[in-house]
Amino acid sequence: MRHDLGLKGALGLLTLAGCPPDDVVIITASDTDTSTSTSGEPTTEDGPPTSSTGEPDPTTTGGPEFDGVIAPTLRIYRPLDGAEIEASRDPLLDHENLTIVASGVTYPAVYAEAERRLEFADVPKAMYSLRAQQPAAPDLPDLPGRLSVTQSVARELESFGGICSGRPDIAFTGDLETTLAISAGEMLPLGPEDQFEFYSYNADALFLVFPNLDEMDATGSPQLDETEIVDWTIPWRPDSGRDAWPLVDTAEGDDFWLGHLVATPLVPAPMGAELQDPWSFAQRYVLGETAKLSLPTMTSGATTAVSGTFKAVAGETVSVDLRASEFMAELQIYDAALKSVGCFVAAVLEPGAEHPITGVAPNLGGINVYGIDAPIDPECVGMDCETMFVTPGDRVLELELGNPYSEDGTETLIVQCSRYVFVDDPDGGAYDYLASDLIVQGRLEDLTQAPIVPKIGLVRDLAVNGTPVAPDEKLDGVGENPTISFTAPKFGAPDFYTVTIRTLDDVMGADGPVVRRAIGSIRTEFTTVTIPDGFLEPGGHYYIQVTAERSHGLTEAHAKSHDIWLSRAMTGVLTP
């Protein structure tokens with residue numbers, strides 16, 4: 001599952017959900033299974049891969065050893081109701097720049113099609129940096145794409161291969177005018193917190209959509225209590241494990257679903273002491289119904305009419321013992337007084353049964369909760385009541401979920417608890433927020449067997465140029481190449497760290513202002529990182545997030561595990 005580590009709608013899911021990080025090229029030093037979880041692929045496939053010839057993989061034959069670094073590009077695709085397909089594609093087609101830098105020397109990549117791999121010749125056997133510059137995003141055409149830097153000593157990089165859900169020959173679009181016009185009948189009455197989700201396993205597409213409940217809305221969005229959708233027009237901006245916007249083609253066997261995530265309060269009418277408990281104001285979501293959609297082949301830049309009829313999804317209920325107090329205790333290590341927190345418990349369906357594979361993960365059900373300003377006197381009502389901030393406590397939750405999808409998948413539970421710190425928008429607009437997180441993910445059947453506690457702590461002693469910068473503080477004059485340092489978490493054993501650079505400066509995108517944009521990232525096993533050129537610019541406002549991760553696909557022990565443990569700490573706002 002892709003870990004964008006940003007909230008995905010009210011469920012708070014990882015934008016793929018699970019899982020590689022949104023802007024990180026994944027590099028491993030092992031020679032193990034190249035399968036990954038449902039995280040975004042490190043390349044953007046603008047066209048179909050080159051089909052494999054069926055010849056033996058040259059990387060496993062007894063030929064002469066290559067003097068440099070190689071990165072196999074073979075992928076195994078698993079389409080619906082079909083045999084596995086092997087294919088390879090040149091990653092250079094999907095990047096503005098892809099080079100290795102070692103000791104100040106740049107080594108270009110060459111795609112060896114016959115060997116189905118990238119080759120970086122003559123790279124010395126020492127630590128180097130892989131620099132991967134992505135092209136501009138379709139919705140931010142005037143800005144450079146994300147820059148990812150990975151420190152490694154590996155001679156083989158498992159970055160561009162793997163096992164993928166869906167078919168290999170998906171067509172993609174970057175055209176902002178690509179839209180859907182949705183009609184669906186026999187819907188449950190629309191509630192104020194309901195959401196909708198489009199999902200296609202075979203096209204590897206997932207799109208969470210919020211209705212616009214403004215009665216003056218011109219898109220055709222369904223309104224409260226309505227029981228059908230009529231020509232609701234929305235822009236097509238799906239998530240995908242391919243890091244592009246797939247076009248669904250039912251002529252190629254693609255499935256296409258519209259799920260209705262029905263929201264209800266966890267406690268229908270809190271009273272008395274319940275008013276002091278954040279769980280009394282939690283929201284429950286369940287995939288209550290789905291519509292199997294019919295449509296012609298989607299065309300880039302055009303509006304495609306899709307239609308279907310909702311059918312109820314049989315639900316089940318599982319008990320989740322969430323020890324939220326232990327998450328809260330770890331989240332407050334950089335500030336003893338938590339001011340805003342939230343937890344999300346969500347069930348999703350990861351593709352792949354025996355082990356995770358790359359692809360999107362639809363929502364099955366979830367619960368979210370936030371800390372509240374509760375009245376000290378539960379009998380007090382009104383604006384004049386004296387209040388106290390209360391964080392979510394331990395609770396055994398009855399999680400309801402529905403799963404109408406393929407049996408070739410794994411019901412997966414994600415628990416994410418986050419701390420928010422509100423800061424002024426440097427452009428003078430609304431408040432924005434930073435966030436630190438603790439995430440536990442694994443098989444639903446496993447995580448419901450015992451209390452859920454954080455598995456890996458936040459990095460400690462986070463500093464910029466040797467100066468601690470608390471999340472609610474600011475540090476000016478850090479320069480364009482500041483040094484980020486930290487120590488390992490107090491518990492948990494990270495496989496690696498990801499240092500992500502984000503900006504708070506507003507930019508105009510296709511859908512309006514964009515804030516908290518990720519500039520790029522650095523992946524490393526070290527606890528001291530100097531930000532290289534290409535990230536920070538004079539006059540900018542940034543903050544750094546350091547993710548500690550224990551994940552699959554990095555070592556022999558973890559290669560076939562659905563378990564993912566994450567923690568993310570943050571600095572305050574920095575200016576060069």
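The model is predicted, so local features need pLDDT of at least 70 and side-chain atom pairs count only at pLDDT 80 or more, while totals for chains, interfaces and linings use all residues. Residues are numbered from 1 along each chain as its sequence is written, and side-chain values use heavy atoms, with hydrogens and water left out.

Take the sheet to begin with. Pairing here takes at least two DSSP bridges between two strands; strand S29 (residues 460–464) and strand S32 (residues 483–487) have three, in the antiparallel sense. Val464 has Ile484 in S32 as its bridge partner.

Phe196 sits in strand S14 (residues 195–200). Its relative accessibility is 0%, so Phe196 counts as buried (under 20% relative accessible area; exposed is over 50%, partly exposed in between, with a 1.4 Å probe and protein chains only). Leu208 lies twelve residues away from Phe196 along the chain, yet their C-alpha atoms are 5.9 Å apart.

Phe526 is another story: at a relative accessible area of 44%, Phe526 is partly exposed. This residue belongs to the loop between strand S36 (517–524) and strand S37 (528–530). Together with Met127 and Val153, Phe526 forms a nonpolar surface patch of about 280 Å² accessible area (residues over 30% relative accessible area without a salt bridge, nonpolar side chains joined within 5 Å and like charges within 9 Å; areas by Shrake-Rupley with a 1.4 Å probe, only the protein chains shown counting as cover for residues; a salt bridge puts a Lys or Arg side-chain nitrogen within 4 Å of an Asp or Glu carboxyl oxygen).

Conventions: Helices (H or I, at least four residues) and strands (E, at least two) are DSSP runs, numbered from the N terminus.
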